[in-house]
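Open the structure in your viewer and keep the sequence to hand.

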Amino acid sequence: MGLFDKLNGTKHPCGDVPPQPAEDVKSVLLGLNGPDVPYVVRYGADEGAHLVAEWRLMEPAWQSFFASTQMSRRIRIRMRLDPGSHEVRALEEQWKIQWVEGVPVSQEYGRGPVNQKSVRWTIGRKEAGSGLEVTETFRFDSAELKEPLRNTVLKAGWTWRGVLLGKL
């Protein structure tokens, strides 16, 4: 792997994994959806991609969770499958957001590998009352969106190619 691959987040599959057909890769990626995951993978033809993955910020079941945590970034990964080279070209996009009355309002836009982590802690008394304890009340890691996608692609024998510049 070269320096540019490292910078844009490109990962290659193990050499002994035979590449699966493009339709199978697409189906497995769409199969990552579920009611218990905070993101959705969907078709993305309207957005210039084969598939799009993003946080469920506006879905009623998840909106209160994201609003209460005051998540500061909206992240979207647009993916284009290239069957000829067995690679998924992935463009990671992010918007800095501000929550206004429970609705995320986009402000700043950026593209490229997103590595955002945040943790919220509270300090309180122990149950026995004999001192203080620190409790983690919230954890967010953008890898929770990207890693399942990337790992699925690699297991299918395809390359995950991060896109920084140019077209998807």
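## Stop one: the aromatic pair

The structure, which is a predicted model, holds one aromatic pair. Select Tyr39 and Trp55: their ring centres are 6.4 Å apart and their planes stand at 70°, so the pair is edge-to-face. Tyr39 belongs to strand β1 and Trp55 to strand β2, so the pair ties together parts that are 16 residues apart in sequence. Are these two residues buried or exposed? Tyr39 is buried, and Trp55 is buried as well.

## Stop two: one side of α2

Next, select α2, residues 22-30. Colour Ala22, Val25, Lys26, Leu29 and Leu30, which are buried in this helix. These residues lie on the same side of α2, because the arc they cover around the axis is only 130°. To see what they pack against, show strands β1 (39-43), β2 (51-55), β3 and β4 (87-100), together with helix α4 (143-155).

## Stop three: Arg76 in β3

Stay with β3, which runs over residues 73-82, and select Arg76 within it. Arg76 has a relative accessibility of 11%. The cut-off for buried is under 20%, so Arg76 counts as buried.

Which side chains make polar contacts with that of Arg76? One is the side chain of Glu47, at 2.7 Å. Another is the side chain of Glu93, also at 2.7 Å. Now widen the selection to the contacts of Arg76, leaving aside neighbours within four places in sequence. Besides Glu47 and Glu93, the list has Val52, Ala53, Glu54, Leu91, Glu92 and Trp95.

## Stop four: Lys11 in a loop

Finish in the loop between α1 (3-8) and α2, where Lys11 is placed. Its relative accessible area is 33%, so Lys11 is partly exposed.

What does Lys11 contact beyond its neighbours within four places in sequence? Select Arg150, Leu154, Thr159 and Trp160 to show these contacts. For a distance to check in the viewer, take the C-alpha atoms of Lys11 and Leu154, which are 7.7 Å apart in space. In sequence, Lys11 and Leu154 are separated by 143 residues.

Definitions and conventions:
Residues numbered from 1 in each chain as written. Predicted model: local features only at pLDDT ≥ 70, side-chain atom pairs only at ≥ 80, totals over all residues. Heavy atoms only, no water. Helix = DSSP H or I, 4+ residues; strand = E, 2+ residues; numbered from the N terminus. Buried < 20%, exposed > 50% of the residue type's maximum accessible area, 1.4 Å probe, protein only. Contact = heavy atoms within 4.5 Å. Polar contact = N/O pair within 3.5 Å; in protein donor to acceptor, adjacent residues only side chain to side chain. Arc of directions from axis to C-beta. Phe/Tyr/Trp six-rings, centres within 6.5 Å; stacked < 30°, edge-to-face > 60°.
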